[in-house]
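Subject: Structure for you to look at

Hello,

Here is the structure I promised to pass on. Please open it alongside these notes.

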Amino acid sequence: MRTKLRTRRKELNLTQQEVADKVGIHRATYTNIENGKANPSFKTMQKIKKALNTEKDDIFLTKNVQKMNKSA
């Protein structure tokens, strides 16, 4: 998850603080989400997707979960 969030944020030239402000959470909370140390609620995930201008649901999935979904 963290690689996708960080990559997308950097593609948009946004800082962690800017994303956190758009989402309405503390920067430290966003940093923990981006680093995989915290799991956001569904509502927060939706806000992050909007802030990062993406509709991709897999931005929050790990590679293992993606593999499971493809084999199902």
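Below is what turned up in it; note that the model is predicted.

Salt bridges first. The structure has three. Glu34 pairs with Arg6, with the closest N and O atoms 3.5 Å apart. Glu34 sits in helix H3 and Arg6 in helix H1 (residues 2-11), so this bridge ties together parts that are 28 residues apart in sequence. Glu34 also meets Arg9 in a salt bridge, at 2.8 Å from N to O. That pair again links H3 to H1, here across 25 residues. Shared partners join Arg6, Arg9 and Glu34 into one network.

Glu34 is buried, at 0% relative accessible area. Arg9 is buried too, at 7%. Arg6 is partly exposed, at 28%.

The remaining bridge is between Glu11 and Arg8, at 3.0 Å from N to O. Both lie in H1, three residues apart, about one turn of the helix.

Now H3. Its buried residues are Tyr30, Thr31, Ile33 and Glu34. They span an arc of only 160° around the axis, so they lie on the same side of H3. Just after H3, Gly36 has a positive phi of about 75°.

Last, the core. The largest nonpolar core has twelve residues, among them Leu5, Ala20, Tyr30, Ile33 and Phe60. Helices H2 (16-23), H3 (27-34) and H4 (42-51) each give two or more residues to this core. H2 gives the most, with three. Beyond its neighbours within four places in sequence, Ala20 contacts Ile25, His26, Arg27 and Tyr30.

Best wishes

Terms used. Residues numbered from 1 in each chain as written. Predicted model: local features only at pLDDT ≥ 70, side-chain atom pairs only at ≥ 80, totals over all residues. Heavy atoms only, no water. Core = buried A, V, L, I, M, F, W, Y, C linked by side-chain atoms within 4.5 Å. Buried < 20%, exposed > 50% of the residue type's maximum accessible area, 1.4 Å probe, protein only. Helix = DSSP H or I, 4+ residues; strand = E, 2+ residues; numbered from the N terminus. Contact = heavy atoms within 4.5 Å. Arc of directions from axis to C-beta. Salt bridge = Lys/Arg side-chain N within 4 Å of Asp/Glu carboxyl O.
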